[in-house]
Amino acid sequence: MSELTAKPKLARLFRMQWEEAQGAYVLLYPEGMVKLNQSAGEILKRCNGERDVQAIIDDIEQTFNATGLEKDVTGFLEIATERGWIV
Amino acid sequence: MSETTPTTTTTQVPPPLWLLAEITYKCPLHCVFCYNPLNYAADRTELTTEEWKDVLRQARALGAAQLGFSGGEPLVRDDLEELIGEAHQLGFYTNLITSGIGLTEERISRMKELGLDHIQLSFQDSSKEMNDFLPSTKTFDLKNRVAKLIKKYDYPMVLNVVLHRYNLDHVGRIIEMAVEMGVEYLELANTQYYGWGMVNREQLMPTREQLERAEAVVNEYRAKLGNSIKLLFVVPDYFEERPKACMNGWGSVFLAVAADGSALPCHAAKSLPGLKFPNVTETTLKDIWYNSDAFNRYRGYGWMKEPCRTCPDKEKDFGGCRCQAYALTGDAENADPVCSKSVQHGDIKKIVLQAQAPRTEEKPLIYRNDANSMRYAAIPIKEERDKVT
């Protein structure tokens, strides 16, 4: 399992943008593209290098008017770290 | 049985996601494994700057997000920067796929300003002698200078090296070279036998032992280097038992526009007979993508014959590659003979076996150049195929 960065941000190789035709956020990188599901998109959008992990969780819980999302968020951040999407 | 009912283009067609803009077929190199059409020199027509911009706008509106500028050598066109600027404004992720010849510091810094996202630079080998041999030009030192420029301007960089009989044994040195250059991805792409690669197949085909050794070396380096560099090793499909999911399915994500404006579901598709490829100067991209016969011909599964039609893997590999099926079996609707279920699979095995045989005399390589291309333009494709296979 990868260590989470205190204030994660998108790695330099990746660009994230909303794609209307796909109805989704995508990650673009050299000759490749990952289509993100809604929650992945919402979490990654908040990884701006300024928010810490707790702030990301709080913001997500507030936006979706839910509690207990900590595990989901950190679980996804770990996967994103492993794949090199965030640093 | 549901398998016997063709289910095809009635299902909704997804939008294109990838646009490959082959803006010119001019190229200062003469690579023997180039996939460009053999007869490229017969038609010199190229779209104008405005026509290309229109193609970019239309493709983006349809949903394409990845854009590759390729060719030929895209740097040959001096409006490349203008096209990069337009593509960036439209929201494309822009990739420049280049030999590096013609990439001066002035151009590379201008492209950065205009929003170019990534550069894929090709090398032929790790040593000057071998790098300069197969493309038949002296470019090794120049390519090294370009690699330094790419890093200086902080582009992510993919280094692409096409592998074959003559350089597979150097794969360790090629990886060392990539590490020294500081590239993010190294694409070790075994030759695919299309276009010029096909006419030179006998000379380029490695032995199975060579391949296995090379793959073992790649795996050792993967373990040693970890995440610092991504090593992609594209296995040559002739040595496989299942076909590649070519283009992720015909007309499913990929749209190529050739120098003259013809729209292709795959960059090798011009090798297929009986297909009329619509031209972007005459038809809108939307109409081409959704309604043209060329893009609908092999969409879905309805066109398939056995063994593909009832194969449980048809949704995974789409029956392989149409161009390869045609080139090796004479019928594009056949299963790609790479598949062990194909009745022609034995032909592929024979070709691989032939590569094992000791060579008493080397056949000369045929370089991709205008003179050779004009010669091919004069010969019907089928006849040429029979001559080389």
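Modeller: Residues are numbered from 1 along each chain as its sequence is written, and chains are lettered from A and ligands numbered from 1 in the order in which they are written. As the model is predicted, local features need pLDDT of at least 70 and side-chain atom pairs count only at pLDDT 80 or more, while totals for chains, interfaces and linings use all residues.

Biologist: In what order do the elements of chain A run from the N terminus on?

Modeller: Helices (H or I, at least four residues) and strands (E, at least two) are DSSP runs, numbered from the N terminus. Chain A has 3 helices and 3 strands. Their order is β-β-β-α-α-α.

Biologist: What is the radius of gyration of chain A?

Modeller: The radius of gyration is taken over C-alpha atoms, and the globule rule is 2.2 Å times the number of residues to the power 0.38. For 87 residues that rule gives 12 Å, and the value for chain A is close to this, so the chain is as compact as a globular protein of that length. The radius of gyration of chain A is 13 Å.

Biologist: How many residues of chain B are in contact with chain A?

Modeller: Two residues are in contact if their C-beta atoms, placed from the backbone, lie within 7 Å. On the chain A side, 12 residues take part. β3 (93-98) and β4 (118-123) of chain B each supply at least two residues of the side that touches chain A. The number for chain B is 17.

Biologist: Which elements do the buried residues of α9(B) pack against?

Modeller: A residue is buried if 20 or more other C-beta atoms lie within 10 Å of its own, exposed if 12 or fewer, and partly exposed in between, with C-beta atoms placed from the backbone. In α9(B), B:Leu211, B:Ala214, B:Val217 and B:Tyr221 are buried; they are on the same side of α9(B) because they cover an arc (of the directions from the helix axis to the C-beta atoms) of only 125 degrees around the axis. Exposed residues on the other side of α9(B) include B:Arg208, B:Glu212 and B:Asn219. The buried residues pack against α6 (171-181) and β7 (230-234) of chain B.

Biologist: Which residue follows α9(B)?

Modeller: Helix α9 of chain B covers residues 208-225. The residue that follows α9(B) has a positive phi, near 60 degrees. That residue is B:Gly226.

Biologist: Is B:Met247 buried or exposed?

Modeller: B:Met247 is found in the loop between β7 and β8 (254-257) of chain B. Its phi is positive, about 55 degrees, although B:Met247 is not a glycine. Most residues other than glycine have a negative phi, and most peptide bonds are trans. Because B:Met247 has 24 C-beta neighbours inside 10 Å, it counts as buried.

Biologist: And B:Asp154, is that residue buried or exposed?

Modeller: B:Asp154 lies in the loop between α5 (140-152) and β5 (157-163) of chain B. Phi of B:Asp154 is positive, near 60 degrees, in a residue other than glycine. With 9 C-beta neighbours inside 10 Å, B:Asp154 counts as exposed.

Biologist: What is omega of the peptide bond from B:Glu306 to B:Pro307?

Modeller: B:Pro307 lies in the loop between α11 (293-296) and α12 (314-317) of chain B. The bond from B:Glu306 to B:Pro307 is cis, with omega near 10 degrees.

Key. The expected span of a helix is 1.5 Å times one less than its number of residues.
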